[in-house]
Amino acid sequence: MSINNLIIIVTVIISYFAMSDREKKNKLIHHPYSIKHNKEYYRLLSNGFIHGDWYHLAFNMITLYFFGGQTEALFKVVFGSVFGSTAFIIFYLSAIIFSCIPSQQKHHDNPGYGALGASGAVSAVLLISIVLNPTDLLLIMGVIPIPAWIFGIGYIWYSNRATRTQSQSNIGHDAHLYGSIYGCLVLAIIYPKAYPVMVEQIIAWLPF
């Protein structure tokens, strides 16, 4: 079994129990106030394994299923088949934490703010996959085909806009943006040639 699929299974199991027990969910959610004032640092990681509802969980896990395998394969190419799996786990977990930091800084004195979900790590995985395969067609809402690189630009633009206009909710919109940024930064470090290759692929794809 791939590490990516193992992450999906673990996330579904933990999310299931959290969704059926509000007390458990409240203990695992990203709650910046509790992290700062009660030193509950584990929340920076645990929130990535719980979700608000089944739709939220399904959306993230389906995205991870289709794009995580490509990203995991890259880590195995870069680091070898053995350590590559470990490196992918480290990347995924660190993406959860990194994507929480901006919200942590903004809301650490706000006891009413909380966020949860794997969106940050999934966004990091998604953006790496897009850079590696920029001209692949993605289906928006399962119907509208759009080249991956165009979707990636739109995704980052929309995520940035959402961080400015979001209302307080239990889904961390900040995580989409900063998870995407983290994925792009990590890729630039471990496999920098991906970017010039991406540009070459896009130029070759253009009809003019």
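Modeller: In this predicted model, one aromatic cluster is formed by Phe 75, Phe 79, Phe 83, Phe 88, Phe 91, Phe 98 and Tyr 182.

Colleague: How many aromatic pairs does the structure hold, and by what is a pair of aromatic rings described?

Modeller: A pair of aromatic rings is described by the distance of the centres and the angle of the planes. The structure holds twelve aromatic pairs. Among them are Phe 79 and Phe 83, whose ring centres lie 5.8 Å apart with the planes at 80 degrees, so this pair is edge-to-face. Another is formed by Tyr 65 and Phe 66: the centres are 5.3 Å apart and the planes stand at 80 degrees, so this pair too is edge-to-face.

Colleague: Is Phe 66 buried or exposed?

Modeller: A residue counts as exposed over 50% relative accessible area and as buried under 20%. Phe 66 has 54% relative accessibility and therefore counts as exposed. Phe 79, at 33%, is partly exposed, and Phe 83, at 44%, is also partly exposed. In the protein chain, buried residues make up 44% of the 208 residues.

Colleague: Which secondary structure elements are present in the protein chain?

Modeller: The protein chain has ten helices and two strands, in the order α-α-α-α-α-α-α-β-β-α-α-α along the sequence.

Definitions and conventions:
Residues numbered from 1 in each chain as written. Predicted model: local features only at pLDDT ≥ 70, side-chain atom pairs only at ≥ 80, totals over all residues. Heavy atoms only, no water. Helix = DSSP H or I, 4+ residues; strand = E, 2+ residues; numbered from the N terminus. Buried < 20%, exposed > 50% of the residue type's maximum accessible area, 1.4 Å probe, protein only. Phe/Tyr/Trp six-rings, centres within 6.5 Å; stacked < 30°, edge-to-face > 60°.
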